[in-house]
Amino acid sequence: MTNAEQTSVLITGANKGLGLEAARRLGELGWTIFLGSRDEGRGRAAADKLATGGANVVMVPLDVTSDESVTAAADLVRKHTDRLDVLINNAGAPGKAIAPADATVDEIHSVYDTNVYGPIRVTNAFLPLLRAADHPRVVMVSSGGGSFAVVTDPEQPVSKMHELAYSSSKAALNMITVRYAQALPEIKFNIATPGEVANRTFAATDMNHHTGQLTVTEGTDSIVRLATIDADGPTGIFVDRLGPVAW
């Protein structure tokens, strides 16, 4: 495990759901939490709640679809620290579950702007701060729906969810993560899904209207595990809370 007194993390989309729960759990370890939130009001409310619980938290206005917002967020974090130990790219968009025959490029693009381009924007903007850390880690929050093995398994509920935007964006995010891991071995790049693929379950969040069977705490188990890996830990892997997920 990392040295809590010297560990900092930026979490995108951290004003609610999985992001907020990951912030709470890592804050309890004594980490400095940079809480990224597109909505400043909700972000400040979330940060105040964590601070009341004893966390060292800095609210960071951050819209992952905006180059200007991401640049400003990096500048703000740099005012507080000269390095960033962990980046959790959690912000995500579910799309509208539009059937493939009815999907439009605009709808696909809006989901990709958050789920694919967003992590690229944020990761690249924070690379200088990550490289300054002793053993930096990046956690990409993906989905079992981004796995070809899962989507083509008729026993998996997602195989019957006929949409294009969300699942393909998460598949793209998975490949992007692997390519980062290969190109930047000094940084651990790994992928977490908040579900349990083997049990065909997922975490209850606003994104799925709280229809998931797992709690938000259970959903963050894989995220927290990857955020806290040691310097000799893995890179380029895809896991849920139970273990490896097939690609």
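Some ground rules. Residues are numbered from 1 along each chain as its sequence is written, and side-chain values use heavy atoms, with hydrogens and water left out. Because the model is predicted, local features need pLDDT of at least 70 and side-chain atom pairs count only at pLDDT 80 or more, while totals for chains, interfaces and linings use all residues.

Salt bridges come up now. Side chains of opposite charge can pair when their charged atoms come close. Here, a salt bridge means a side-chain nitrogen of Lys or Arg within 4 Å of a carboxyl oxygen of Asp or Glu. How many salt bridges does this rule give? The count is 12.

Take aspartate 221 and arginine 25. They form a salt bridge, with the closest N and O atoms 2.8 Å apart. Which parts of the chain does the pair link? Distant ones: aspartate 221 is in helix 9 (residues 221-227), arginine 25 is in helix 1 (residues 17-28), and 196 residues separate them. Helices here are DSSP runs of H or I with at least four residues, strands are runs of E with at least two, and both are numbered from the N terminus. Now widen the view. Arg25 and Asp221 belong to a network of salt bridges with Glu196 and Arg241.

Next, arginine 78 and aspartate 75. Their salt bridge is 3.0 Å, N to O. Both sit in helix 3 (residues 67-80), 3 residues apart, so about one helical turn separates them.

A word on exposure. Buried means under 20% relative accessible area, exposed means over 50%, and partly exposed is in between, using a 1.4 Å probe and protein chains only. Arginine 78 is partly exposed at 39%. Aspartate 75 is partly exposed at 39% too.

Arginine 83 and aspartate 85 also meet in a salt bridge, 2.8 Å from N to O.

On to the rings. There are 3 aromatic pairs. Rings of Phe, Tyr and Trp (its six-membered ring) pair if their centres lie within 6.5 Å; planes under 30 degrees apart are stacked, over 60 edge-to-face, the rest tilted. One of the pairs is phenylalanine 238 with tryptophan 247: centres 5.4 Å apart, planes at 40°, so tilted. Phenylalanine 238 is buried at 2%. Tryptophan 247 is partly exposed at 43%.

Last, alanine 97. This residue is not a glycine, yet its phi is positive, about 50°. Where is alanine 97 found? In the loop between strand 4 (86-89) and helix 4 (105-115). Alanine 97 is exposed, at 57%.
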